[in-house]
Amino acid sequence: YRAQVLKLFAEVDAILAPATPCTAPLLGQQTFMLGDVALPVRANLGLYTQPISFIGLPVVAVPVLLAPLPIGVQVIAAPWREDIALRIAHALETQGVAAARRPKEF
């Protein structure tokens with residue numbers, strides 16, 4: 001699996017992929033819907049990040065704002081190229097694509 005993913009970096013500098021299968025869950029939310037299936041939040045929120053983490057690639061997760069809650073996007077780079085992932089994440093932030101609202105204070 002790792003070898004197949006690494007081949008992608010012969011043609012691209014980075015890969016953008018979903019980081020989460022749903023928007024950010026509410027505090028205390030126990031399940032979320034993935035298609036027609038209700039899944040536990042805790043066990044499945046990292047569904048898309050685990051395969052990348054497992055093979056040790058540098059990743060920056062950025063929140064892309066969807067109303068009313070953000071969804072996570074992964075910026076995945078080749079081994080030892082954290083600089084690329086961080087530059088892309090910074091560009092997404094400065095262009096207003098990646099942003100998270102400050103939580104309301106109680």
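By about how many helical turns are Asp 83 and Arg 87 separated in helix α4? Being four residues apart in that helix, the two residues are separated by about one helical turn. The structure is a predicted model, in which local features need pLDDT of at least 70, side-chain atom pairs count only at pLDDT 80 or more, and totals for chains, interfaces and linings use all residues. Residues are numbered from 1 along each chain as its sequence is written, and side-chain values use heavy atoms, with hydrogens and water left out.

**Salt bridges**

- A search of the whole structure finds two salt bridges, a salt bridge being a side-chain nitrogen of Lys or Arg within 4 Å of a carboxyl oxygen of Asp or Glu.
- Asp 83 forms one with Arg 81, where the closest N and O atoms are 2.7 Å apart.
- Asp 83 also forms a salt bridge with Arg 87, again with the closest N and O atoms 2.7 Å apart.
- Arg 87 counts as exposed because its relative accessibility is 53%; the classes are buried (under 20% relative accessible area), exposed (over 50%) and partly exposed (in between), with a 1.4 Å probe and protein chains only.
- Arg 81 counts as partly exposed at 35% relative accessibility, and Asp 83 counts as partly exposed at 29%.

**Nonpolar cores**

- A nonpolar core is a set of buried Ala, Val, Leu, Ile, Met, Phe, Trp, Tyr and Cys residues joined through side-chain atoms within 4.5 Å.
- The largest such core has 10 residues, among them Val 60, Val 73, Ile 84, Leu 92 and Ala 98.
- Two or more residues of this core come from each of β4 (59-65), β5 (70-77) and α4 (82-94); helices (H or I, at least four residues) and strands (E, at least two) are DSSP runs, numbered from the N terminus.
- Helix α4 gives the most to this core, with four residues.
- Ala 89 is in contact (heavy atoms within 4.5 Å) with Val 60 and Val 62, leaving aside its neighbours within four places in sequence.
- A second, separate core of eight residues includes Ala 17, Ile 52, Ile 55 and Ala 78.

- Strands β2 (residues 31-34) and β3 (residues 37-40) run antiparallel and are joined by four bridges; two strands pair if DSSP finds at least two bridges between them.
- Leu 34 has Val 37 of β3 as its bridge partner.
- Two residues lie between the strands of this hairpin, in which Gly 35 takes a positive phi near 70°.
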